[in-house]
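I opened this entry to keep track of what I looked up, going from the single chain to the pair of chains.

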There are 2 protein chains.
Amino acid sequence: MSRRYIVLAPRAFTSRAAKMAHGVIAYSSDTVVAVVDPALAGRRVRDVMPHLASDAPIVASFEEGMAFAPTALLVGIAPAGGKLPDDFRAAIRSALKARLEVVSGLHAMLNDDVEFAALAREHDTRIWDLRLPPAAPLFSGAAWDVKAKIVLTVGSDAAVGKMTAALELLRAARERGVDAAFVPTGQIGIAIAGWGTAIDRVVADFAPGAAEQLVLEGERRARELLFLEGQGGINNPAFAPVTLALLFGGAPDALVLVHNVARDRIEDYDVPILSYRALIRTYEGLCATVKPARVVGIALNTRDCSDDEAHAEIERARAETGLPCDDVVRNGPQALYDAIAPALVKTEVLHV
Amino acid sequence: MSRRYIVLAPRAFTSRAAKMAHGVIAYSSDTVVAVVDPALAGRRVRDVMPHLASDAPIVASFEEGMAFAPTALLVGIAPAGGKLPDDFRAAIRSALKARLEVVSGLHAMLNDDVEFAALAREHDTRIWDLRLPPAAPLFSGAAWDVKAKIVLTVGSDAAVGKMTAALELLRAARERGVDAAFVPTGQIGIAIAGWGTAIDRVVADFAPGAAEQLVLEGERRARELLFLEGQGGINNPAFAPVTLALLFGGAPDALVLVHNVARDRIEDYDVPILSYRALIRTYEGLCATVKPARVVGIALNTRDCSDDEAHAEIERARAETGLPCDDVVRNGPQALYDAIAPALVKTEVLHV
């Protein structure tokens, strides 16, 4: 049954920290019935974030949000330091007492919180810790035998739009009648799709094995084409190991490079973003040592650009790489999908 | 106080599976007083593994080994499947009842075993799970400010001799009067050095942060030179994320490439070992995107070669790469250390 979410994002709904909230509003088949953010109370989601195109009301408190008959509470932001602020605790307590399901993508598992776990039991509801990984085996090589074509989104950095690119390209593939699925590898993708594993949360030795299990499951869900959600960036000093776990464990047949054109440094570190050509060389070079895969197109995030700037950035990327390039949010995914689809057709099953 | 180990390696002491036993016998300041392996009972370690140069007796059972007054039991092999065989359980029970410390590098934590934990409490002794990682923070960049020079051993694959190369080069550096330390990143290195973190056991998001914490601790132990133990191999599909966590999180200034010349495929996978030049290009290329580091020498493992073959392999590696190359076990580490030392001297503190 579809959820009716109340989303907690106090004093942060329009910030990057609320990307869980934005992702679920934009892409989940569940409904967001209210967002809690006292700083924006009285407005609607589309008033403050037009591209989300949702009429859900923004309210001052969890209690006000209860008027909209939610069935689940979503922790919509990642609090700094990973510790749950007190006002979140109060809302989660109230939600459990009201028998709402509580959904969280925090590193700290709410099921490990003695008070929350007891309340969930007492009120016969459940806490879904999106990031809790299943026990994963070592990588076995079974992913190399997956017959569906696997497309991995790889980034110039973390948080540039890899999940969005995968979801938009999935939509375009389905428009063309392809039997395709999204394979979620992070907490937001898991919240959207209802399955998946947060690879960043898996013990390092087993991260490629966990990625492999996901594409095996993906093939049970779609016969032709899998869009595997990428993570991190290959020269992000903190997150590159997770990137590599997907690059090797996910056994992609093709890569789509994703970049936010406004970014020139790795987030939080004094490390430059690589050029398109260096990124392509690095990703393809690593794949070539295990299972070859080429970058077949570039999905640009031009959110912070004017139309003219966006056009210029897309043209520049095309000129530098000779690859199909587009912003799949600004311009829709169909053009980029149609441009890369021939590179994905290695067997007769893809009828694009 | 130094330990007196009884080492469990039943029916496996001379196999690769017993590399924990071999590493501790070769390099630990703790003493191995007996090895349990019924298949070799009555002989001594040096009879069956001459290069280990230990007179410790090999006995048929844990009970026989108790005659040599051990103070600790070491699980000397990694059982297939990671599950503890029944004969190990019996010996561990007996050891705890005899108040021996029990030391294990298995993925399965012996402290999580209800029976073992209760016995340890009851008999006032302890179980040291070498692989149990501390809580690690995200990578911060603090490793980039470490003043000691950091040398990371990087491999053509897992289990080729990266730890051994680091320990041998450490010995050579100390011979030259350099204030140097070994920085352990795996269970065997931890057993040998008495500190460290098994990076492969850390949650993927925090693996670079855990590596960073290790070099920060390393600098508190030695002012000039750190030999950071490498893990895995950059195109090992299962272990490459751990390799990359050390390459970025450990912030090396220089790399020493390690290869077993008998190996041409990645262990357990149908993936070729890369050529020396491809390995150098791949490792240096990745470092260049975050903190540049060059491969300054190659440590070859020629264990399975005749003297002539070993000489030819060393010459071939030199010819292909133009780098200092040697087998630091067969020929001792001093020549290779002296050849690479100039490349490590970037400040006046190294007085080689």
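Among contacts in chain A between residues at least 6 apart in sequence, what percentage join residues at least 24 apart? I looked this up and got 73%. I note here that the model is predicted.

**Entry 1: chain A as a whole.** I counted secondary structure next and found 12 helices and 12 strands in chain A. Along the principal axes, the C-alpha atoms of chain A occupy a box of roughly 55 × 50 × 45 Å. I then checked the radius of gyration: chain A has 20 Å, which agrees with the value near 20 Å for a compact globule of 352 residues. Of the 352 residues in chain A, 54% are buried.

**Entry 2: domains of chain A.** I looked at where they touch: 9 residues of domain 1 of chain A are in contact with 7 residues of domain 2 of chain A. On the domain 1 side, helix H1 of chain A (residues 19-27) gives the most, with 5 residues. I sorted that side of domain 1 by residue class and got 4 nonpolar, 3 polar and 2 charged.

**Entry 3: the nonpolar core.** I listed the largest nonpolar core and found 254 residues in it. Those with the most contacts inside this core are Val35(A), Leu73(A), Leu169(A), Val35(B) and Leu73(B). I followed up on Leu73(B), leaving aside its neighbours within four places in sequence. The contacts of Leu73(B) are then Ile6(B), Leu8(B), Ala91(B), Ile92(B), Ala95(B), Leu100(B), Val102(B) and Val103(B).

**Entry 4: chain A against chain B.** The same surface serves both copies, as 97% of the contact residues of chain A recur in chain B.

**Entry 5: the side of chain A that touches chain B.** I counted 32 residues of chain A in contact with 31 residues of chain B. Helices H8 (207-221), H9 (240-249) and H10 (276-288) of chain A each supply at least two residues of this side. H9(A) gives the most, with 7 residues. By class, I recorded 21 nonpolar, 7 polar and 4 charged residues on the side of chain A that touches chain B.

Notes:
Residues are numbered from 1 along each chain as its sequence is written. Chains are lettered from A and ligands numbered from 1 in the order in which they are written. This is a predicted model: local features need pLDDT of at least 70, side-chain atom pairs count only at pLDDT 80 or more; totals for chains, interfaces and linings use all residues. A nonpolar core is a set of buried Ala, Val, Leu, Ile, Met, Phe, Trp, Tyr and Cys residues joined through C-beta atoms within 7 Å. A residue is buried if 20 or more other C-beta atoms lie within 10 Å of its own, exposed if 12 or fewer, and partly exposed in between; C-beta atoms are placed from the backbone. Two residues are in contact if their C-beta atoms, placed from the backbone, lie within 7 Å. Helices (H or I, at least four residues) and strands (E, at least two) are DSSP runs, numbered from the N terminus. Ala, Val, Leu, Ile, Met, Phe, Trp, Tyr, Cys and Pro count as nonpolar, Asp, Glu, Lys and Arg as charged, and the others, Gly among them, as polar. The radius of gyration is taken over C-alpha atoms; the globule rule is 2.2 Å times the number of residues to the power 0.38.
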